[in-house]
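I opened this notebook to record what I looked up in the structure, going from the whole chain down to single residues. The coordinates come next, and my entries follow them.

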Amino acid sequence: MSNTLVQNESINKTEEIKDSILEHLCFNLGKSPRIATLHDWYMATAYAARERMMRNFVSYTEKMQNKTLKIVGYLSAEFLMGPHLGNALINLGIENETKKAIEQLGINLNDVLEQEEEPGLGNGGLGRLAACYLDSLATLQVPAVGYGIRYEFGIFDQYIRDGWQVEATDKWLRNGNPWEIVKPELNYTVKLGGHTESYTDDKGKYRVKWIPASEIKGIAYDTPVPGYKNGVTGILRLWKSEAVESFDFHAFDKGDYYGAVHEKVFSENISKVLYPNDVSDEGKRLRLSQQYFFVSCSLQNAFHILHLRGLSIDEFPESMTFQLNDTHPSIAIAEMMRLLIDEHQVGWEKAWDITKKTFAYTNHTLLPEALEKWSLPLFANVLPRLLEIIYEINSRFLLTIRDKYPGDEDRVRRMSIIDERGNKSVRMAHLATIGSHAINGVSALHTKLLKQDVLHDFYELEPDIFFNVTNGVTPRRWIKLYNPRLTSLITTHIGESWVNHLETDLVKLEQYADDPTFQQAWHDVKRQNKTDLAHLIQAIVGTKVNPDSLFDIQVKRIHEYKRQHLNVLYIAHLYNRIKQKRTDGITPRTFIFGGKAAPGYVMAKLIIKLINSVGETINNDPDVNGLIKVVFFPDFNVKNGAHIYKAADLSEQISTAGKEASGTGNMKFAMNGALTIGTFDGANIEIMECVGEENFFLFGLHAAEVAETKSNGYRPYDIYNSDEDLKQAIDMIQSGVFSHGDTGVFQPFVDTLLNYDPFLVLKDFRAYAECQQRVSDAYTNQKEWTKMSILNVARMGKFSSDRSVKDYCENIWKVNHA
Ligand code: TH1
């Protein structure tokens with residue numbers, strides 16, 4: 001096409017979009033431009049964008065009727081989608097035209113984007129990974145449905161009061177949600193509680209009937225997920241719980257109006273709120289009900305789709321495959337068996353064969369407190385029929401183990417789905433593993449440890465069903481949308497194909513790594529991004545930070561295994577040096593933290609308080625004279641991430657080796673030109689292999705050394721006594737230097753470190769401090785630093801979620817992709 005043609009087309013598109021926004025403003029919002037609020041403009045623009053997806057959405061749904069296609073069902077209790085509008089404009093390729101259209105209407109697009117309330121239907125990495133995968137699935141034209149829960153309240157909003165975290169409910173739906181389409185006709189009934197009864201059917205077969213104590217209804221809410229400039233729109237299908245009418249009527253019949261209302265309230269509770277625990281499990285009844293609720297709706301929907309496509313039950317595994325995003329949806333294995341056996345009259349062997357071929361399981365953590373276990377009485381009470389099925393799965397499975405390993409009763413006990421030790425419980429990771437044809441970890445190290453450790457016996461039994469799929473993140477949102485300056489610099493030099501061909505095309509940047517003009521431009525981009533963040537910090541936190549200082553950032557959920565406190569100890573140590581006038585070799589730095597602590601996690605909340613207290617002291621001490629600053633950025637979420645990742649010089653990935661399954665923030669930072677200071681953990685190792693050791697700051701123990709240190713009787717107190725810098729840093733915290741003389745507030749923190757230190761913070765302190773010194777020295781040579789930054793970005797292609805999704809397609813789902 002000639003240039004004028006392209007220009008004309010763009011002008012037409014701008015006009016079209018403008019008309020569409022004005023129409024929606026009038027017909028959907030009932031407003032004239034004169035009285036429209038910014039939020040009205042946001043809604044109108046969102047509808048205008050959604051309209052452009054709907055045609056594709058319909059044709060894509062249509063396409064899924066094709067009998068020969070295999071559909072991927074991605075089952076996840078969390079989808080952390082982030083704001084939709086900006087992403088939709090990028091993926092539809094209409095960001096420039098929409099910007100112009102909005103400007104012609106006298107409004108600024110960024111102000112409009114700011115209006116969107118983020119759907120925070122996830123805790124952290126696991127939920128965000130699901131969202132990145134939906135973007136890649138649509139981009140790679142894989143027929144897929146993301147199945148989850150439409151929580152009325154997502155992850156809580158975080159405020160900081162007097163240095164402490166305060167939580168507020170996330171009322172993300174209060175102003176309406178223009179992205180979802182409710183499908184009232186797509187509703188399924190889910191049973192809970194009660195008991196089972198056996199009977200003989202008309203063919204004389206033994207059957208079981210589940211007589212529930214209550215029933216609830218799940219209603220489908222669909223959100224279109226646009227692929228990147230390919231005319232494809234995928235589906236996120238979330239279930240909202242409601243009361244079943246018959247239950248209402250039943251109560252009405254008896255004249256029990258309040259009973260009916262109670263039923264309704266109880267039913268709606270199921271999808272009310274996201275559990276705010278990241279990487280830990282509370283074992284609560286409502287949580288089990290939530291899991292079963294969304295899994296049952298999703299599988300019933302799958303049977304419905306199978307029927308619509310005119311396929312038989314035998315064809316299930318060829319027509320649909322389900323990925324279990326951790327064990328949260330793993331009750332699906334038993335529910336699939338129940339649906340096949342109780343509802344579709346399939347025999348056990350055949351049902352099991354279909355189930356195993358249909359499911360695959362991704363494990364996301366090895367931490368014992370995260371491995372889901374349900375107490376047997378609770379399980380029996382909520383899901384009596386499913387427990388019977390699990391018993392049957394287990395007894396058949398254990399027969400094969402006894403057969404293969406005669407006399408090895410210890411192995412039988414270890415592998416059983418039912419943990420018979422102490423208070424008996426159902427081990428969901430075992431159910432997920434036994435019921436799946438493929439099991440994968442999320443980084444090379446994690447998969448290796450999974451095979452060696454948590455699922456070792458299962459690996460020995462069937463080594464060929466274990467895979468690794470290293471996580472990835474979508475470059476559409478995490479580079480193109482959130483780092484427009486870097487995007488335009490990259491695109492001017494290597495064209496725009498990298499956006500959906502990251503693996504093959506981003507390396508073209510390498511040729512510019514030594515080019516002084518390019519280096520300068522690269523440096524300027526980072527500097528401008530840092531200036532923007534500095535303004536935001538000034539506005540939100542009230543702290544003035546220097547954009548020429550090294551921006552050292554750690555944003556992620558607050559957890560002891562992630563070791564934000566190792567970072568804090570180093571800051572306390574630097575402060576101590578400054579107070580003692582030993583400032584040689586200290587490079588000006590701004591330490592930025594962000595992240596939420598689970599509301600019940602006392603130590604994590606104390607760590608937030610500590611960060612804020614250390615910041616308050618350091619930022620206000622004239623002796624420091626701005627050499628270092630410490631900032632806690634409140635309410636870290638996807639929306640705030642937009643300003644944070646792109647402004648980092650240094651990315652903190654300092655978890656205890658063997659504890660972070662993969663990490664994905666590490667990828668977002670490195671793709672946006674931050675260098676990493678990191679341990680031998682999760683995907684850090686693979687990132688380092690790609691970008692080169694010389695462009696990565698690696699320190700600390702290996703996973704094997706961590707295990708060894710612990711088994712040799714680790715004594716943190718001895719380390720404290722033998723490292724003067726460390727001792728002084730801890731003593732400062734204990735003696736009230738950061739708490740206005742109060743020696744009580746951080747005592748539990750100090751006690752835990754000195755007596756237990758379960759995540760080896762003290763053990764790694766010296767290596768970390770030395771590595772941080774290397775960082776400081778490196779930063780003084782800005783040319784070299786910039787070169788390392790360019791090489792990092794150029795070599796991060798592997799960490800696109802497109803690559804991860806292709807891995808799943810080829811090795812696990814056996815489906816085609818673009
Ligand atoms: C995270 C892992 O901690 C992280 O390392 C990984 O990159 C991410 O998953 C994606 O694979 C997990 N999040 C959760 C959340 C819950 C339970 C287990 C995990 S593991 C609620």
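Accessible areas in these notes come from the Shrake-Rupley method with a 1.4 Å probe, and for residues only the protein chains shown count as cover. On that basis I read that the chain exposes about 31200 Å², of which carbon and sulfur atoms supply 51%.

Before going further I noted that this is a predicted model, in which local features need pLDDT of at least 70 and side-chain atom pairs count only at pLDDT 80 or more, while totals for chains, interfaces and linings use all residues. Residues are numbered from 1 along each chain as its sequence is written, and side-chain values use heavy atoms, with hydrogens and water left out.

Overall form. Along its principal axes the C-alpha trace spans about 90 × 75 × 55 Å. I also noted 34 helices and 24 strands, these being DSSP runs (H or I of at least four residues for helices, E of at least two for strands) numbered from the N terminus.

Buried residues make up 62% of the 818 residues, where buried means under 20% relative accessible area with a 1.4 Å probe, protein chains only. Taking contact as heavy atoms within 4.5 Å, I found that 76% of the contacts between residues at least 6 apart in sequence join residues at least 24 apart.

S804. This residue is found in helix α34 (residues 801-813) and is buried, with a relative accessible area of 0%. Its side chain reaches the backbone nitrogen of G472 at 3.1 Å. Leaving aside neighbours within four places in sequence, S804 is in contact with Y133, V469, T470, N471 and G472.

L387. I found L387 in helix α14 (residues 384-404), buried with a relative accessible area of 5%.

Helix α31. The buried residues of α31 (residues 747-755) are F749, V750, T752, L753 and L754, and what covers them includes α23, α24, α29, α30 and α32. After α31 comes D757, whose phi is positive, near 40°.

Note on methods
Buried < 20%, exposed > 50% of the residue type's maximum accessible area, 1.4 Å probe, protein only. Polar contact = N/O pair within 3.5 Å; in protein donor to acceptor, adjacent residues only side chain to side chain.
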